[in-house]
Amino acid sequence: MTCSAAEPYLLDDEADLPPDVRAHFDECADCRRLRQDLRETQAMLRDHLATPAPETLRPAFAAHLEEAKRDLARDRPPASDRGAVRSIGRRVRWAAAFAVVFILGAMSMVWLQPRDGAEEPTVLAQLESDSPSERLAGVMAASMETEEAPERSLVDALLITLLTDPSVNVRVAALDALSAYGDRERVRLGVLRALAADSEPLVQMAALRFVEAHQPPEASQALGALLSQPDLEPLVRSQAEILTVSI
Amino acid sequence: MPDALSDEALMTRVREGDLDPAGLLFERHSPTLYRFFLHTTRREALSQDLVQDVFVRVLRYRASYRPGASVRAWLLGIARNRLADHWAGTDPDDPSVDDLLLPSADPSPLGDLEAEEQRRRLDAALGRLPAAQRELLVLSHIAGASYAEIAALYTITVNAARVRVCRALQALRTVYLPHEA
């Protein structure tokens, strides 16, 4: 048997291999190595990307199912695809907002209200600039945002800045700007990720200030990860230990 | 005697105008479809909308279901078509913060950091693959489609499906390994 003839079976379990394919793998070191590599990659994929589905899926579909049943009962043709999808999108957003409001009592419905985002294109363009000073100016402009509920695009741009910007000063400024939106789960998650992964003491201290101000329920694991860093600045360590006890 | 609670029996009832079993089908299959969309589009909110959209189509086009056919394969086919519609209007490689905040399989938001970092690198490597190979890997390894189901979806032989999955996995490993070092 040739290697190419055995290729379709590279991912199969040993017990499932046809005898001639098994004999080929026993003889061919290249195929054996490739098979082992691929099965390792396969296991990683399954282990690490088994993402759970969000709880908001079910109520959104339940609402739509009821609507479909009503349509059927009235023997009425359903709305167009496009309209239905928009309607579902609205339901998902409302369901997510209601779930968080009722369960955590933390997220404001104001987020769902329309607003004037006339200044955002400039701020977003600044945040994507190659120049650190321009990005810093963008972050500062974002932090001057007076609306209670800025568009998600602006908050996301600040999160991307916090998690990826090469400049420490820009990351710190982004984190301070995000403090205004600490009631948002994705903001808390992003800041905790920065706390756990950013090695710069200035960013770590800014993230600790955020944790102190917002007391996110998910903070203990990020604090544990931070404290496990061997070269942690004493001031950062001290502040993290205080917060670990107090949260 | 056929199982009254099998996917196929439930979908046959939906097809005949009893929509209640669609709720159970949603329970069973929405997590798989969500994972499929999340790891192909890398957008959380969009993935939720796309899952809903698949089931809207199930309700709307229920008469097109062929009794006895695999419901899972039918749903994956609808999902692939919906994904193709989505790609037709967007750039599949457009980055977003969702890429950075993809939830972990761990129930806690951050999970074990080392595993989290490996997951992030693996997800980034998956994101660098061509969309067709990414879709194939997500179907086979995250959505759990069998080779036979993949063969039916792509209208190819089972052996060809096996080879394509192997090659997509090799491509992923090639992209992933330099970042692992």
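Which residues in H2(B) meet which residues in H7(B)? Keep that in mind as you set up the view. The model is predicted.

**Stop 1: two helices inside chain B**

Select helix H2 of chain B, residues 21–41. Angles over 145 degrees count as roughly antiparallel, so H2(B) is roughly antiparallel to H7(B). The crossing of this pair is right-handed.

Now show side chains. On H2(B), pick B:Arg35, B:Phe36, B:His39 and B:Thr40. They meet B:Arg134, B:Glu135, B:Val138, B:Leu139 and B:Ile142 in H7(B). That settles the opening question. Colour this contact by class: you get four nonpolar, two polar and three charged residues.

**Stop 2: where the chains touch**

Bring chain A back into view. The contact between the chains takes 48 residues from chain A and 47 residues from chain B. Stay on the chain A side. Six elements there give two or more residues each: H3 (29–48), H4, H5 (81–104), H8 (152–164), H10 (185–197) and H12 (219–227). Which element of chain A gives the most? H4(A) does, with nine residues. Colour the chain A side by class as well: 31 residues are nonpolar, nine are polar and eight are charged.

**Stop 3**

Select H4 of chain A, residues 57–73, with H3 of chain B, residues 44–60. Their axes come within 10 Å and cross at roughly 25 degrees. Angles under 35 degrees count as roughly parallel, so H4(A) is roughly parallel to H3(B). H4(A) passes H3(B) in a right-handed crossing.

Show side chains again. From H4(A), take A:Leu57, A:Ala60, A:Phe61, A:His64 and A:Ala68. Facing them in the contact are B:Gln48, B:Val51, B:Gln52, B:Phe55, B:Val56 and B:Leu59 of H3(B). By class, this contact has eight nonpolar and three polar residues, with no charged ones. In an α-helix, residues three or four places apart point the same way, because there are 3.6 residues a turn.

**Stop 4: along H3 of chain A**

Finish on H3(A), a helix of 20 residues. From its first C-alpha to its last, H3(A) reaches 29 Å. That is close to the 28 Å expected at 1.5 Å a residue. Which residues of H3(A) are buried? Select A:Cys31, A:Arg35, A:Thr41, A:Gln42, A:Met44, A:Leu45 and A:His48 to see them.

Notes: Residues numbered from 1 in each chain as written. Chains lettered and ligands numbered in written order. Predicted model: local features only at pLDDT ≥ 70, side-chain atom pairs only at ≥ 80, totals over all residues. Axes fitted to C-alpha atoms, helices over the stretch in contact; angles between N-to-C directions. Helix = DSSP H or I, 4+ residues; strand = E, 2+ residues; numbered from the N terminus. Parallel < 35°, antiparallel > 145°, perpendicular 65-115°, else oblique. Left-handed = near helix turned anticlockwise from the far one by under 90°. Contact = placed C-beta atoms within 7 Å. Nonpolar A, V, L, I, M, F, W, Y, C, P; charged D, E, K, R; others polar. Expected span 1.5 Å × (residues − 1). Buried ≥ 20, exposed ≤ 12 C-beta atoms within 10 Å, placed from the backbone.
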